[in-house]
Amino acid sequence: ADATGRYTTGFFWGNNFWSGSKSLCEQLDVNATMEDAVPFRREHRLSLDLELLGSKSHTFVHSWIDYLMRRFASVGIRNGSRKILMGLCLPSSCRDKDVLTLLKVAQRNSASEPRAVQVIDVKIPHHSYAIWQDTTFWILFIVTGFVAGMIFIGTTYDLYLIHKSKHFFSENYTYEISRASPPRLGETDVKLDIGNFTQTTTPSPTGGIVNHGMKCSTRDLTESMNTISSTTDSSQTSNKQGVITQVLLSFSVRLNLMAICDQSVGSDTLPTIHGLRSITMGWVILGHTCFTMFKYSDNMEYRRVVEKQFLFQTLNNAPFSVDTFFFISGLLVSFLYFRTISRINISELTHTTGMLSNVLQYLGLIAYRFGRLTVPYMYVLGVNELVMKWIHYNAVFEDVTEDHETCPKYWWRNAMYINTLFPVKEMCMLWSWYLSDDTQFYLLGCVLLILAVKHFKVAAVFLVIFLFSSWCTTAFIAYDNNHIPNVDDPLALFDKIYDKPWTRLGPYLIGMLVGWILYKTECKIHMNKVTVVVGWLVSLGGLFALVYGLHGIRLHPVVAAAYSSLSHSLWAIALSWIVIACSTGHGGYINKLLSNTLLYPFSRVTYCAYLVHPIIIRTMVLRPDSPVHLNTQVVGIIFFGQAVAAYILSFIVSLMFEAPVVSLLKILNPEETEETLMKLTM
């Protein structure tokens, strides 16, 4: 009886999952004796979306339920028809049409007046998905095997070079000592130079030599013992390693892990960005965890109660976290571009001048970004497709995004970063909308940056035009759809406002402006104490107001449209002060927090963490037989587990696909440091 779903407690709290127990249904025959076993095999069937429309029979009972529904509605719980997912444990020979017939018979044969129930769909989670017959699986299998092989070869070769370097140093040191004749009394000290190391000896009155030890800088020691791109012998260093050697070392786990976990930053780095990026990624994981769990909980109406609490605004306004990513992207693209062109001659790189040079430069920037992002992106997309197919055919719950169908059909839109230009129902990896928008912003930003080199005022005018156009477009769409922030669901207009590039452009353009300011001032801006204090108060107060300021307030449609239009840009403006103040020596303790070296590794794998964390969340929520019961403690614990799992997998994906690509790109452009290359996303 427990294997088949039925009415249970929590109905008024939104428990729409009468799922029973799929695992129990499958185990009934396994543990049964020959006498108890039935002459057929049982399987779990799910009647998806049994829409309860209500009934007019039993006036007293109906009136009492209606009274209860009104009472619950008074505290924010919705009334109306309900869609129920009901699990049935039936013989495996039953098909979809048999389940429909069974439910209709049960509806007609009820003791009272026929129930107003509509069966919308039937799902049979019967393990029919054969992953071995999926082309995507074999593509991922081959790619994973190839990369794993390259990692093994590269890491082994790296360790071999370390051993060879140590052995070479030991032999040369012994040789230099042995060929140095003992000095006579009164002569000066003897210094033996071996690569970057200096061995000093002093004559001893007894006729021997006093060894004063080896002198070298810490950097020399680290480079000589750990950096395998060269050896201690100057002649071997000057020859450089071949391309094949550099390619192999690009897959070395040791070298890539050292690059990710490096506690130092280059001169072209803004340390504050690492802190902003890491904290924002945690906010994104928290928001996705909570909103996904709410959809598959047995008390989903509890959300309408906690939404009225002050701290819930942290989740309700989590979309601002993505604006932080847009702001950081625009800032880094602008800052690093101007820094780069100030050091190199673009015409020498393109071997041409004028418009053709600009076109080649633009194509080079686009090609670099495409190579930098697409390899880990497409791999994770393939993994997501397989996971969602397995869940669709085997899990009790159904994912609302239907990635098992959209990814095989429309993956090419993701590869071209244009998926936000199509309906959301056709989108593969719903969270990939950010990558699409950010890449489209990058295409526009590169045009403005190249134009700004020789025609700065023209580029500035275009930037302002695009900014105002984005504001006006967002305001019009919000007003036309009567969108009320803090009252409507944050994702209510996902296909009209949330994911569209023309409504999210503001923070990116503001980030570009801040990047130019930091470049022009060389991160040196003098401010008196009053300016610093006022700046911090306005910035932090603005961020706090944007997240929590609308609590308990319902805006007029015109004001709501203006807020929807300007709030994202205001968020970026508030962040601008934080970055400028921290980068120019006015950050104080906040700068110490955001620039903490412990955050550097997490910041460098943010891109991969963003890609993989929704897959982990979906698997955790959709895989069990029954829904989860939510409360503050459960959400906190699950969020912590999701964050840890996401970062563990992100390090693995980064070591396999992201860091090697960065190293390979460094071979093509040796003047760029790995730190710079790692910063050009998220």
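Which two residues does a disulfide join here, and what is the S to S distance?

Modeller: Happy to! A disulfide joins Cys407 to Cys428, with 2.0 Å from S to S. A disulfide is a covalent bond between the sulfur atoms of two cysteines; here a pair counts when the sulfur atoms are within 2.5 Å. The structure holds one disulfide.

Before we go on, a word on what you are looking at. This is a predicted model, in which local features need pLDDT of at least 70 and side-chain atom pairs count only at pLDDT 80 or more, while totals for chains, interfaces and linings use all residues. Residues are numbered from 1 along each chain as its sequence is written, and side-chain values use heavy atoms, with hydrogens and water left out.

Now back to our link. The link of Cys407 and Cys428 is right-handed, with 85° about the S-S bond. The pair ties together distant parts of the chain, 21 residues apart: Cys407 sits in helix 15 (residues 403–415), and Cys428 in the loop between helix 15 and helix 16 (433–454). Helices are DSSP runs of H or I with at least four residues, strands are runs of E with at least two, and both are numbered from the N terminus.

Are these cysteines buried or exposed? Cys407 counts as buried because its relative accessible area is 0%, and Cys428 is buried too, at 1%. (Buried means under 20% relative accessible area, exposed over 50%, and partly exposed in between, using a 1.4 Å probe and protein chains only.) Two other cysteines are buried as well: Cys290 at 3% and Cys446 at 2%.

Glu402 lies in the loop between helix 14 (354–394) and helix 15. Its phi is near 55°, a positive value in a residue other than glycine. Most residues other than glycine have a negative phi. At 38% relative accessibility, Glu402 is partly exposed.

Cys523, in the loop between helix 19 (501–521) and helix 20 (529–548), also has a positive phi near 55°. With a relative accessible area of 16%, Cys523 is buried.

Let's step back to the whole protein. It has 26 helices and seven strands, and 47% of its 682 residues count as buried.

The axes of helix 8 (residues 253–260) and helix 25 (residues 632–668) come within 10 Å and cross at roughly 95°. (Axes are lines fitted to C-alpha atoms, for helices over the stretch in contact, and angles run from 0 to 180 degrees between N-to-C directions.) That angle makes helix 8 roughly perpendicular to helix 25, a label used for 65 to 115 degrees.

Which residues of helix 8 make the contact? They are Val253, Asn256, Leu257 and Ile260, and they meet Phe651, Ser654, Leu655, Ala659, Pro660 and Ser663 of helix 25. Contact means heavy atoms within 4.5 Å. By class, this contact has seven nonpolar residues, three polar and no charged ones. (Ala, Val, Leu, Ile, Met, Phe, Trp, Tyr, Cys and Pro count as nonpolar, Asp, Glu, Lys and Arg as charged, and the others, Gly among them, as polar.)

Technical notes. Parallel < 35°, antiparallel > 145°, perpendicular 65-115°, else oblique.
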